[in-house]
Amino acid sequence: MAKDYTSKFQKEILKKHLIIAIISIVLMLLFYFFVDHFYNGAAINFIQEIFGWTFANFILKNQSAFVFMTLLIVLLLNSLIVEVYAIQKISHVFSQMKILFQKDNQRIILDESLFELENDLNELKIESIENEKKAIKEAQHKVDMIAYLAHDIKTPLASVIGYLCLLDETDDLPDDLRHKYTHMTLEKAYRLEKLINEFFDIAKLNQTYSSLHKEDINLYYLLEQMKEEFYPIMNQKGQVIDIQVEPSMMIYADANKIARVFNNILKNAFYYGDKNTTISIVGKQDDVYSHILFRNIGITIPEDKLQTIFEQFYRLDESRSSATGGSGLGLSIAKMIVEQHQGFIKAESQNHITTFEVLIPLLPL
């Protein structure tokens, strides 16, 4: 529900109107009573001296009407006084608004009647400054990451070119050396492919908030397809994927983007999971959400790091180079996509078992 910042201010203005009006009426009645019963002659003589007998005689014959008209004039002045007061208060608000755009610790100070607005504006200023700092930090992260990757690409690329030149220029190269150099060239090419993929990860980060194209998706078949795609990768470490999802389970999501979420989580499970272990995927539903849980066996993630693993460019093991881990964007991208679906993603890790849980609403929220 939207906040009503003006209700208290309006009540204060109305209160001042009523107070001034009541005081004015009471004073006018007292003045009328006083003049009518005690100094009627003296008051008329005073009016006669100032305005002449004609006007004094008119007042004498229309005393009640004169008091009434005077009362209307007082009430009009009351309205003008209160309106000037309100304009001053509003002008003060506008004068303080410039502080909102200043990048310092100066607080916005408003009238007590606008205390709630004052707090919200100060919170907005703090949040704006923090978001700007975060954006600058993330932009610098991107620049640094691109610089690191560009530097890293030079090494495997130089190796690939070197080995290919050697193979191309040496006609009488022994078969064992030819096989060795071919194998090394292939390894460097794989390394180069991984680095290029990390460039694509950085590009994907800026595409995450493109519009969604939601549809009903069979979760079981989607995961089975991904299982087949990951088989060559998982086989390198003797890992297997176990899908525990009902074949009829459906989710309402953008197929391409939710597949990217699962892909990034599975990559994380591959990199940080132990060899010869099972990565299990469990699917279940309640009245509101579809729950998809990914469990892998590996190192236990400390509680403090569970709060940061979804940050951009974060690596759980910072000693890992980009040769053994990703760019640190996978889980951050996954989190943004899930939140774009109005869902949630969370992680827990105990006794060498790490679980990532993705919650996707059953229906549009």
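**Entry 1, ground rules.** I am working from a predicted model, in which local features need pLDDT of at least 70 and side-chain atom pairs count only at pLDDT 80 or more, while totals for chains, interfaces and linings use all residues. Residues are numbered from 1 along each chain as its sequence is written, and side-chain values use heavy atoms, with hydrogens and water left out.

I looked up the secondary structure and found 10 helices and 7 strands in the protein chain, where helices (H or I, at least four residues) and strands (E, at least two) are DSSP runs numbered from the N terminus. Of the 365 residues in the protein chain, 37% are buried, buried being under 20% relative accessible area, exposed over 50% and partly exposed in between, with a 1.4 Å probe and protein chains only. I also looked up contacts (heavy atoms within 4.5 Å): among those between residues at least 6 apart in sequence, 70% join residues at least 24 apart.

I took the axes of helix H7 (residues 219–235) and helix H8 (residues 255–272), which come within 11 Å and cross at roughly 40°; axes are lines fitted to C-alpha atoms, for helices over the stretch in contact, and angles run from 0 to 180 degrees between N-to-C directions. H7 and H8 are therefore oblique to each other, given that angles under 35 degrees count as roughly parallel, over 145 as roughly antiparallel, 65 to 115 as roughly perpendicular and the rest as oblique. On the H7 side I noted contact residues including Leu-222, Met-226 and Phe-230, and on the H8 side residues including Phe-262, Asn-263, Leu-266 and Lys-267. The residues of this contact divide into 12 nonpolar, 1 polar and 1 charged, with Ala, Val, Leu, Ile, Met, Phe, Trp, Tyr, Cys and Pro counted as nonpolar, Asp, Glu, Lys and Arg as charged, and the others, Gly among them, as polar.

I followed an open sheet of 5 strands in the order S2-S4-S5-S7-S6, with mixed pairing; two strands pair if DSSP finds at least two bridges between them. Strand S2 (240–244) and S6 are the edge strands, each pairing on one side only, and the twist averages 15° from one strand to the next. Strand S4 (residues 278–285) and strand S5 (residues 289–297) run antiparallel and are joined by 6 bridges, with Arg-295 in S5 as the bridge partner of Ser-280. H8 lies across S2, S4, S5, S6 and S7, and runs at about 20° to S5.

S6 is joined by 7 bridges to strand S7 (residues 353–361), the two running antiparallel, and Lys-346 stands opposite Glu-357 in S7. S6 and S7 form a hairpin with 2 residues between them.

Most residues other than glycine have a negative phi. I therefore looked up Asn-276, which has a positive phi of about 55°, lies in the loop between H8 and S4, and counts as exposed at 64% relative accessibility. Asn-351, in the loop between S6 and S7, has a positive phi near 50° and counts as exposed because its relative accessibility is 68%.
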